[in-house]
Amino acid sequence: MNEIRPILWDDGTLKLLDQTRLPAEEVVVEINDYRGAVAAIRDMQVRGAPAIGVTAAYAVVMAATELATTDHVSVDRASFLAALREAGTVINAARPTAVNLQWAVRRMLEVAESEPDLSQVNHRLLAEAKGIQVEDEEINRRMGDNGKELMPEGGAVLTHCNTGALATSAFGTALGVIRAGWESGRRFQVFNTETRPFLQGARLTSWEFQQLGIPATLIVDSAAGIMMQHGEISCVITGADRIAANGDTANKIGTYSLAVLARENGIPFYVAAPTSTVDLSLDTGEDIEIEQRAGSEVTHFQGTPTAPVGVEALNPAFDVTPHRYITAIVTENGVARAPFVESLKLATGNS
Ligand code: MRU
């Protein structure tokens, strides 16, 4: 099987597998400037916290290239860095919840600022962006290894949204753990939610499981309760967009409901995320900004109305699951359990 790699850097052009078109069409969009990358993140042609981070890193590369060809800044390091920081602010604003975006931009700006020779900056930035991309796949494979034994031999796992290769450089986070469990020989059923309203589950996760040859059954988001109540789910695993120091976890809208239902029904609830998703600057999840997206994503599907014209719709894209509902957080550095204040410090190398 060919690995799914949604992000490709090809000699100055960023090529993204357009996730708004899947599964109907496999279309690659070509991006040549950082504003184009910002638009692709905002419009969700690329989505998923780690994939957004990788795209943001290449956006910084494209911003630096643009600045280096503008005469007045190419001679003056201070103006170049100031302009690059401004571009970084624009990139950071593309989507607010996934901390991997800001994490990647910060990491890139630190590289630019640490290079005294202006003629070397672009070369260093490109190497760093490629490094972030390669590292992400390695991290995901380690996460898979660390989490695979949580997959229930003979049981059933439920997952939400899309956390596979499409949401990362390759392999995935929560979907990567499911894949690693399956590839290690464990056999279990897989259920995935549709994930209203953008249908990351129905469109993207179902497509990925088909590509991987892992049998998976699609359910509507609101079927999760009855399935847990009837003993048809052994564990839930999701990804994360931002994890506060105490383990409170922001993830796709509907994750909190699944976690509460899992607790009510005595089912373990796992999160899988790289340590770049952990934001130790926030003590709790209360301060995580929740992205509000256009109501038209709720009232329409691919341009076709699914609600009366003119109806008001609210569209919070994420929610925060309090840490008390989370059984464990799988990271590339091991499986963190309560108290998360301690275990996340250890996992992120901050103890
Ligand atoms: O709005 P999206 O599709 O970017 O949201 C994605 C999620 O919520 C994922 O669960 C999360 O980013 C983890 S992806 C590996």
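# Enclosed helix, cavities, pockets and ligand

Q: Why is H8 largely enclosed by the rest of the structure?
A: Helices (H or I, at least four residues) and strands (E, at least two) are DSSP runs numbered from the N terminus. Buried means under 20% relative accessible area, exposed over 50%, and partly exposed in between (1.4 Å probe, protein chains only). H8 is largely enclosed because its buried residues number 11 of 13.

Q: What pLDDT do local features need in this predicted model?
A: Residues are numbered from 1 along each chain as its sequence is written, and side-chain values use heavy atoms, with hydrogens and water left out. The model is predicted, totals for chains, interfaces and linings use all residues, side-chain atom pairs count only at pLDDT 80 or more, and local features need a pLDDT of at least 70.

Q: How many Å does helix H8 reach from its first C-alpha to its last?
A: H8 covers residues 200-212, which is 13 residues. The expected span of a helix is 1.5 Å times one less than its number of residues. For H8 that expectation is 18 Å, and the reach is close to it, at 17 Å.

Q: Which residue just after H8 takes a positive phi?
A: The buried residues of H8 include Trp-207, Glu-208, Phe-209 and Leu-212. Just after the helix, a positive phi of about 75° is taken by Gly-213.

Q: How much space lies in the largest cavity?
A: On a 1 Å grid over the protein atoms alone, a cavity is a set of points where a 1.4 Å probe fits but cannot get out; lining residues have an atom within 4 Å of a point. Grid points are joined across faces, edges and corners, and a volume is the space filled by probe spheres set on the points. The structure has four cavities of 30 Å³ or more. The largest of them holds about 180 Å³.

Q: Which element gives the most to the lining of the largest cavity?
A: The lining has 23 residues, with Arg-47, Gly-48, Ala-49, Asn-162 and Asp-241 nearest the centre. Two or more residues come from each of helix H2 (49-68) and strand E9 (249-252). The top contributor, with three residues, is H2.

Q: How many residues of the lining of the largest cavity are charged?
A: Ala, Val, Leu, Ile, Met, Phe, Trp, Tyr, Cys and Pro count as nonpolar, Asp, Glu, Lys and Arg as charged, and the others, Gly among them, as polar. The lining of the largest cavity has 11 nonpolar residues and eight polar ones. The charged residues number four.

Q: Which helix supplies the largest share of the lining of the second largest cavity?
A: This cavity has a volume of about 80 Å³. At least two lining residues come from each of H2, helix H5 (99-114) and helix H6 (118-147). The largest share, four residues, is that of H6.

Q: How far is an oxygen atom of the ligand from a polar side-chain atom of Arg-95?
A: The ligand is surrounded by 18 residues (a heavy atom within 4 Å), and Arg-47, Arg-95, Asp-241, Asn-251 and Lys-252 are the closest. A polar backbone atom of Gly-48 is 3.0 Å from a ligand oxygen, and a side-chain N or O atom of Asp-241 is 2.8 Å from one. For Arg-95 the distance is 2.8 Å.

Q: Which residue's side chain makes a polar contact with the side chain of Gln-19?
A: Gln-19 sits in the loop between E2 and strand E3 (28-31), and is buried at a relative accessible area of 0%. A polar contact is a pair of N or O atoms within 3.5 Å; within protein, one must be able to donate a hydrogen and the other to accept it, and residues adjacent in sequence count only if both atoms are side-chain atoms. The partner of Gln-19, at 3.0 Å, is Arg-47.

Q: How much space lies in the second largest pocket?
A: A pocket is an open set of grid points with protein on both sides within 12 Å along at least five of seven lines. The second largest pocket is lined by 15 residues, with Glu-3, Ile-4, Arg-5, Leu-17 and Glu-26 nearest its centre. Strand E1 (7-10), strand E2 (13-17) and H8 each supply at least two of its lining residues. Its space is about 200 Å³.
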